[in-house]
Amino acid sequence: MFPRLKAKNCLNICIGSAILAFGLYNVHSISGVTEGGVLGLTLLLEHWFGISPSVSGLILNGVCYLLGFKLLGKEFIAYSVIAGGGFSLFYAIFEKFPPVYPQIADMPLLAAIVGSLFVGIGVGLCVRANSAPTGDDSLALSLSHLFKIGIQWVYLVSDLVVLLLSLTYIPLGKIAYSLLTVVLSGQLIGLIQKAGAKKQSH
């Protein structure tokens with residue numbers, strides 16, 4: 001039976017997906033400052049083993065969503081379909097326009113900070129509504145639920161592992177800025193999720 005979804009959650013998920021897509025297109029895609037997780041892992045596999053991200057991303061995201069389904073249920077998957085679909089749709093729309101501030105490509109520190117805000121707020125709104133726009137977020141939610149630890153710490157550990165492995169082919173300078181953005185965005189996601197949980201408990 002298809003789960004009943006709340007209109008407020010769907011709205012928050014769509015807003016969060018739009019914010020995430022806007023940030024990834026206008027900041028991350030042009031600055032070279034990346035996120036960790038599945039995205040970084042697909043790039044690593046492509047560099048060392050020649051596996052296309054279109055293949056590895058599909059498999060890795062599928063495994064993450066499967067874990068999320070087992071631990072978090074049908075409602076989670078239903079909301080995540082909206083989040084993932086919303087992200088793809090909004091990203092496709094933003095691609096029709098030139099980047100808002102292309103000069104940010106030459107300002108990696110600014111890109112790391114601004115990018116983390118878009119990712120943190122965008123993903124935070126989705127996670128707060130029990131959804132995951134990407135496999136990374138599904139994995140983080142699942143592990144946070146399984147081990148009863150803050151989601152921001154799950155993000156930090158998984159991203160650190162991928163970024164450390166990425167040092168095998170990405171310059172240290174780029175990794176340093178990427179580390180800054182994943183730490184900031186992960187903490188922001190955790191704060192937004194915690195704020196949502198407190199609000200629901202009142």
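## Gln152 in helix α7

Gln152 is part of helix α7, where helices (H or I, at least four residues) are DSSP runs numbered from the N terminus. This residue is buried, with a relative accessible area of 9%; buried means under 20% relative accessible area, exposed means over 50%, and partly exposed lies in between (1.4 Å probe, protein chains only). Apart from its neighbours within four places in sequence, Gln152 is in contact with Gly186, Gln187, Gly190 and Lys194. Contact here means heavy atoms within 4.5 Å.

The model is predicted: local features need pLDDT of at least 70 and side-chain atom pairs count only at pLDDT 80 or more, while totals for chains, interfaces and linings use all residues. Residues are numbered from 1 along each chain as its sequence is written, and side-chain values use heavy atoms, with hydrogens and water left out.

## Helices α6 and α7

Two packed helices are described by the angle between their axes and the distance between the axes. Helix α6 covers residues 135-147 and helix α7 covers residues 151-166. Their axes come within 9 Å and cross at roughly 125°. Axes are lines fitted to C-alpha atoms, for helices over the stretch in contact, and angles run from 0 to 180 degrees between N-to-C directions. The helices α6 and α7 are therefore oblique to each other. Angles under 35 degrees count as roughly parallel, over 145 as roughly antiparallel, 65 to 115 as roughly perpendicular, and the rest as oblique.

The crossing of α6 and α7 is right-handed. A crossing is right-handed if the near helix is turned clockwise from the far one by less than a right angle, and left-handed if anticlockwise. On the α6 side, Asp136, Asp137, Ala140, Leu141, Leu143 and Ser144 take part, and they meet Ile151, Val154 and Tyr155 in α7. By class, this contact of α6 with α7 has 6 nonpolar, 1 polar and 2 charged residues. Ala, Val, Leu, Ile, Met, Phe, Trp, Tyr, Cys and Pro count as nonpolar, Asp, Glu, Lys and Arg as charged, and the others, Gly among them, as polar.

## Helix α1 and its partners

Helix α1 (residues 7-31) packs with helix α4 (residues 74-94) at an angle of about 40°, and their axes are 8 Å apart. The two are therefore oblique to each other, and α1 passes α4 in a right-handed crossing. Residues of α1 in the contact include Cys10, Cys14, Phe22 and Tyr25, while those of α4 include Tyr79, Gly86, Phe87 and Phe94. The contact of α1 with α4 divides into 16 nonpolar, 4 polar and no charged residues.

How do the axes of α1 and α5 cross, and within what distance do they come? They come within 7 Å and cross at roughly 160°. That makes α1 roughly antiparallel to α5. The crossing in which α1 passes α5 is left-handed, and the contact has 15 nonpolar, 8 polar and no charged residues.

## Cysteines

How many disulfides does a search of the whole structure find? The search finds 0 disulfides, a disulfide being a pair of cysteine sulfur atoms within 2.5 Å. The cysteine sulfur closest to that of Cys10 belongs to Cys14, at 6.8 Å, which is too far for a bond. Cys10 is buried, with a relative accessible area of 19%. Cys64 is in no disulfide either, and its nearest cysteine sulfur, that of Cys126, is 16 Å away. Cys64 also counts as buried, at 7% relative accessibility.

## Positive phi in two loops

Most residues other than glycine have a negative phi, and most peptide bonds are trans. Asn130 has a positive phi near 60° and is not a glycine. Asn130 is found in the loop between α5 (108-128) and α6, and counts as partly exposed at 22% relative accessibility.

Lys148 is not a glycine but has a positive phi of about 55°. Lys148 lies in the loop between α6 and α7. Is Lys148 buried or exposed? At 65% relative accessibility, Lys148 counts as exposed.

## Distances along the chain and in space

Arg4 lies in the segment before α1 and is exposed, with a relative accessible area of 79%. Arg4 and Glu75 are 71 residues apart along the chain, and their C-alpha atoms are separated by 7.7 Å.

Leu165 is found in helix α7 and counts as partly exposed, at 42% relative accessibility. Leu165 and Leu89 are 76 residues apart in sequence and 31 Å apart in space, C-alpha to C-alpha.
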